Amino acid sequence: MRDLIETNTDYLILIAASAVVVFLLQRWLARRGVFHGTATIWLSLAALLIAGWFAVNAAENRERDRIKQLLQGFPPTYAIELERLGHASISASTKEDDPVYLELIAAQFRWLKVNPFINDIYTIAPDAGGAYVILVDCETDYDHNGKFESEIEERTPIGKAYASPDPALPAALSGTPSFSARPYSDEWGQWVSAYHPLRDEKGAVTAVVGVDFSAADWIAAIRGARLGAVGLVIVATLLAISLVAASVIIRLHHENAEQRKIAAIQKAGRERFETLVNSIDGIVYEFNLQTGLFDYVSNQAETILGYPAAHWLNKRDFWASHLAPDQKDKVVAARQRFLTTGAPFEVEYQLIHAGGRSVWIRERSQAVSPAGTPALVRGVLFDVTEEKTA
């Protein structure tokens, strides 16, 4: 699990970032009332990221295989030449001035000069006790500065003991070409390596030739391939998120335009209604029985009783408090009977004008009961003072 997390850290960061972006987008859309469910967007994101996961790992594997195939192509060629030059005669006891040894050193030196892709070429064999020793390993310019400056760049002595940390090496000594499954470290650096067996004239494996490639370059190449694929997934994810956002914004624009159109129609209708109502020679009202407040009062209220419509709307007991005191109980009781029976209501009574005088009112109203219980009262109050005086 730890290796999986370390290997895929870049993609896990992408998953987390994508989830945050989609969550914020969802919140933004929800606040505008245009987001209708989470399943589609989250399932789409999950499908895209799962596909991207496979694409990124496929890109990594392709780059890994490319370098592996390239690196594995060198040892077989070098093995043929080393065998031809007489490598089978070299052992841990061979002198450093041995002509065959020097010719092998020269061959390695030439190969390294013409193949800067690889970092080292060497041969390894087991000694009489079965321990690994290095046989032929020429000077190596690891930092590619054209000079052999450090101890690790000098020629390795014949027979130098080598405790290999690479599990691929024993497979090559058993006769099977092999490649490092993962980078390993030795005293010369960190590498991935390819090996090929070296045989004597009878076909017996006597040693292996190894070719090293910098683990840092190996990791960088694989990481570059991954990042390239991750970049494509990021572009695809952003494109998908942008398309979702754009489609919703377009829909929001259309809905807003439709709402503005409806609002304009409603406003025009309301203005026509108010013009018509205000032309009636009486106070048209709508009273909400649930809230105890007037929902609507026409402008004639100020003409007839001296109080602007706003006074009626903002005071819970406005109507009852302006009834003539000697009629209040009788009128309120009549209103209650009207609400109980649901029959049309018509009654005459006096309301007190803002100036203190009494105004005779004839009220005609009707209860509105959408659910069987009266919820609204709609009616008209006519000024019949002159009629009563006459």
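The largest nonpolar core of this predicted model holds 32 residues, and among these Leu71, Tyr78 and Ile118 touch the most other members. Two or more residues come to this core from each of α3 (39-72), α4 (74-84), α5 (99-114), β1 (120-126), β6 (189-199), β7 (205-214) and α7 (215-278). The most is given by α5, which supplies six residues.

**Cores**

- Leucine 71, leaving aside residues up to four places away in sequence, touches Phe117, Ile118, Phe179, Val192, Ser193, Ala194, Val211 and Phe213.
- There is also a second, separate core, which has 27 residues and includes Ala301, Leu305, Phe318 and Leu351.

**Strand β8 and its partners**

- Strand β8 (residues 283-288) pairs with strand β9 (residues 293-297) in the antiparallel sense, and four bridges link the two.
- Within this pairing, tyrosine 285 has valine 297 of β9 as its bridge partner, while glutamate 286 is bridged to tyrosine 296 of β9.
- The two strands β8 and β9 form a hairpin with four residues between them, and in the turn glycine 292 has a positive phi of about 75 degrees.
- Strand β8 also runs antiparallel to strand β12 (residues 376-383), to which six bridges join it, and phenylalanine 287 has valine 377 of β12 as its bridge partner.

**Burial of β8**

- Six of the six residues of β8 are buried, and therefore this strand is largely enclosed by the rest of the structure.
- Both faces of β8 are covered, with Ile283, Tyr285 and Phe287 buried on one side and Val284, Glu286 and Asn288 buried on the other.

Key: Residues are numbered from 1 along each chain as its sequence is written. This is a predicted model: local features need pLDDT of at least 70, side-chain atom pairs count only at pLDDT 80 or more; totals for chains, interfaces and linings use all residues. Side-chain values use heavy atoms; hydrogens and water are left out. A nonpolar core is a set of buried Ala, Val, Leu, Ile, Met, Phe, Trp, Tyr and Cys residues joined through side-chain atoms within 4.5 Å. Buried means under 20% relative accessible area, exposed over 50%, partly exposed in between (1.4 Å probe, protein chains only). Contact means heavy atoms within 4.5 Å. Two strands pair if DSSP finds at least two bridges between them.
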